[in-house]
Amino acid sequence: MSAGAPYTLGHLAAAIGATLEGDAGQTVRGVAPLETAGPHDVSFLTGGRYRRQADASRAGAIVAGPDVEGLACAVLRVASPETALITLLRLFHPEPDVPPGIHSLAFVAEGATVDASASVGPFAVIEAGARIGARTRVGALTFVGAGAIVGEDSTLHPGVTVRGSVRIGRRVIVHPGAVLGADGFGYMFDGAGHRKIPQVGGVEIEDDVEIGANTTVDRGTMGDTVIGHGSKLDNLVQVGHNCRVGADVILVAQVGISGSCRIGPRAMLGGQVGLADHGTVGEGAMVAAQSGIPSDVPAGGLWGGSPVRPMSEMRRIWAAEGMLPDLVRKVRALEKRVRELEEGRPA
Amino acid sequence: MSAGAPYTLGHLAAAIGATLEGDAGQTVRGVAPLETAGPHDVSFLTGGRYRRQADASRAGAIVAGPDVEGLACAVLRVASPETALITLLRLFHPEPDVPPGIHSLAFVAEGATVDASASVGPFAVIEAGARIGARTRVGALTFVGAGAIVGEDSTLHPGVTVRGSVRIGRRVIVHPGAVLGADGFGYMFDGAGHRKIPQVGGVEIEDDVEIGANTTVDRGTMGDTVIGHGSKLDNLVQVGHNCRVGADVILVAQVGISGSCRIGPRAMLGGQVGLADHGTVGEGAMVAAQSGIPSDVPAGGLWGGSPVRPMSEMRRIWAAEGMLPDLVRKVRALEKRVRELEEGRPA
Amino acid sequence: MSAGAPYTLGHLAAAIGATLEGDAGQTVRGVAPLETAGPHDVSFLTGGRYRRQADASRAGAIVAGPDVEGLACAVLRVASPETALITLLRLFHPEPDVPPGIHSLAFVAEGATVDASASVGPFAVIEAGARIGARTRVGALTFVGAGAIVGEDSTLHPGVTVRGSVRIGRRVIVHPGAVLGADGFGYMFDGAGHRKIPQVGGVEIEDDVEIGANTTVDRGTMGDTVIGHGSKLDNLVQVGHNCRVGADVILVAQVGISGSCRIGPRAMLGGQVGLADHGTVGEGAMVAAQSGIPSDVPAGGLWGGSPVRPMSEMRRIWAAEGMLPDLVRKVRALEKRVRELEEGRPA
């Protein structure tokens, strides 16, 4: 797992603010999980349930929390091993340096604005009126439509499509194949066929959002589709026109959000969850994978099933479901026995 | 929401065939929903349930049907406000003018035919033998394979992939990331592994079809996969090899249609519906979101659930499902009480 | 269906190792299913259930197994008609010849290695350190990131994105729009927001794998995501970080595999199946479409439902589900009758 130069444990302790229990001069070359770490790797123990793996690990050093004792190797003691792991991964795997500038094979239309510190890859297309912010990277083969705006320090990976009605904030990451700002799905049946309702709204992607590969976020019919600050969308997610996704929302892969939905801040939708049009999910609600939400889920709590119910109720239903064939037989038998009792009853 | 020049209500009334109740010289600059419209917007009232919003609206004018009375602002009276809305949206948001011609950075192979009135964007690829019809737009970074045919007045947005076996009709719209004509999913297990069955058929997209972003329509194994006239496919839909989708069908986002399915005209499949291979959906059938169709759904009616059932039946099942854990307890109690009755019964 | 020159039945018999019952000099020009074949087509009978279509077929010749008798047309007798079909399809529809070499409009960075027998299409991008093996085809508009490796005889269709952390084996086929090696979906909530966990691992695609259109396979957080030898992934499939998909696995369209899952060799997951993170599917297990796997499915057997159960059990539940509303009524009636019996019982 090592990609950079070796580091001493002393250097790592300083980088992550750890107390070192071991030799500050010992070197490691990478970071790896407990199972695969070797003597030249630093590993990490993020919870008590991994203690057994920590004892069996061949890691040269382990990042651990305050309450872990008796590890055989060097220990980098921190308050939060998870936070330290983020720092260590970035240290050993620095983001590749992308030199600023527009690649000679990119096409930047007249009237587009690309900050001098931004980079634009080969065969990228930036149409007229589009603006690319400082230090932002536009990958190879990525399309930014006329008038679209991309803020500072954002990354559009290769093969992204951003249509002209889209505004993207700062520190946003968009993965390959994502399509932002395609037309929403709106028609009126006039007796002869489905007539297209022009989709003239936009998309607003707020700061610190991450959009997964091949995910689609449609433009509004009128007004915007909004993805709130800090929200994270996994791969192959669909967000329909005029949805308002709040801040710090998690949408796991293949979630489908119909048009005009509202999702409250910090809600989490598991993989393949579906939400019907005009549906709502309240703040902080957690919805289990494959759930179907026909209308509304209130704030908080854990939800599951299709149609969705409180998870505790749904778990009882799933358990009872297994007894259902037996229940049918039992009721049939009961009916026979009751009939016999009724017939035997003195009139 | 305003994008073009301001229009007088008199001009709008003429454009949509409305009777104006108000000042023909009053100007508006955009069209907007009742909630967000301001004094310089025209809005629309498409049904009685929005009457309250109409009364509260700050809109300068409202497009309304014949039976609406007592609105405070100017009224543009029409038979169908929905139809008028389509006209108004296009009026205020005209489609961007794309000049005809092949961009100097496009690649059009020798032996490809591009009509002089068509446009081809930067880094588009048109392979040998492909034909692009009159007034059709091929977006930047879009690929049209060898021998593929695209009819007149169609739009391939940026980042579309059309493989060589595909024929596309007139007035078709294909959104970014859609893939038309990739190989169907066909293998034969020969004991040692899955051997690929060559996929040599085509795809036929009939006139007036719209294909959503990142949707995939596979070529037939032999013969064609067909998307019928006027059908609309949302984003991230999968249509397998040799499917025949009828006319004016609606497939909502993330629907998955396995190989060799038949879908009748005017059927509507909700989001995330799945249809097993060789399955059929009859004319005009409506299938609720997340339904699973193991074989066949007849014409007409409303269907839901996985496996799918008539919606009325499925609704009763969903309601009863909530009583299931209680039912298990009740049956257990009944068994005890009946046993006691049986034991107490005079022999 | 004919694409090449006509062939005599004698030639075809030699090509597929068949015994010819008919005129060796008779010519056919294509291969087609029984229903659509004409006198100049060869067709095939792959199972007894198609016998009626074979009798009604207008095919000039039929490929059939050893136990089929009494066909009216010429017969090409083989042990396995399915295997013969693969050969015939390839014979009548040879893969288009792609001349080796780098297209003048491709961008191959300094430090990338492209074998002289490989082909690279227009507007393809091969970044520094990437390696393209012998006879491999890189389609137009396809991106291969810095350091990525593609083995021999593989095909990356147009519009594919391969990020730098990916290693692809031999004879691999990747369809348009597929994204290999995008970041996995990993965050740590630190109270203020979701902090991104750097995704620094890779993707290993072993030999003979096929990856469908718009499918996504994420790179590992640390270590690799692996797609095993001979596995076939349909369109719009999601494979999360650090999954290990075994050999000869079938993942049908829109399957979603969360992070760190293990799928055993020869397992088959039907369309839209979902697998929760750290879930496992045992060797050879078959999981029906739309199933949801919350944790583990053992080897072998047929599974269905969400949450998943043995298919035989699930089938009984689905049948009983239809009786559930009736069951609720019956239990209510039984309670009344038992109460009456209890009240009528002599004290």
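**Where the helices cross**

Guide: α5(B) passes α5(C) in a left-handed crossing. Please keep in mind that this is a predicted model. The axes of α5(B), residues 324-344 of chain B, and α5(C) come within 10 Å and cross at roughly 30 degrees. Angles under 35 degrees count as roughly parallel, and α5(B) and α5(C) are therefore roughly parallel to each other.

Now for the side chains involved. On the α5(B) side, the contact is made by B:Leu327, B:Lys330, B:Val331, B:Leu334, B:Arg337, B:Val338 and B:Leu341. Facing them in α5(C) are C:Leu327, C:Val328, C:Val331, C:Leu334, C:Glu335, C:Val338, C:Leu341 and C:Glu342. Sorted by class, the residues of this contact between α5(B) and α5(C) comprise eleven nonpolar and four charged, with no polar ones.

Chain C brings 51 residues into contact with 53 residues of chain A. On chain C, the elements that give two or more residues to this side are the strands β21 (179-182), β22 (187-189) and β23 (194-196), together with the helices α4 (311-321) and α5 (324-344). The most comes from α5(C), with nine residues. By class, the side of chain C that touches chain A holds 27 nonpolar, 16 polar and eight charged residues.

Chain B also meets chain A: 53 residues of chain B are in contact with 51 residues of chain A. Here α3 (81-92), α4 (311-321) and α5 of chain B each supply at least two residues. Again an α5 helix leads, as α5(B) gives the most to this side, with ten residues. The side of chain B that touches chain A divides into 28 nonpolar, 14 polar and eleven charged residues.

How are the chains arranged overall? Chain C can be laid on chain A by a turn of 120 degrees and a shift of 0.0 Å along the axis, with an RMSD of 0.0 Å. That is the relation of a three-fold axis.

Finally, a look along one chain. Chain A is divided into domain 1 (7-92), domain 2 (101-312) and domain 3 (313-344). Between domain 1 and domain 3 of chain A, the C-alpha centres lie 57 Å apart.

Terms used: Residues numbered from 1 in each chain as written. Chains lettered and ligands numbered in written order. Predicted model: local features only at pLDDT ≥ 70, side-chain atom pairs only at ≥ 80, totals over all residues. Contact = placed C-beta atoms within 7 Å. Helix = DSSP H or I, 4+ residues; strand = E, 2+ residues; numbered from the N terminus. Nonpolar A, V, L, I, M, F, W, Y, C, P; charged D, E, K, R; others polar. Least-squares fit on C-alpha atoms with pLDDT ≥ 70 in both. Axes fitted to C-alpha atoms, helices over the stretch in contact; angles between N-to-C directions. Parallel < 35°, antiparallel > 145°, perpendicular 65-115°, else oblique. Left-handed = near helix turned anticlockwise from the far one by under 90°. Domains from an automatic or database assignment.
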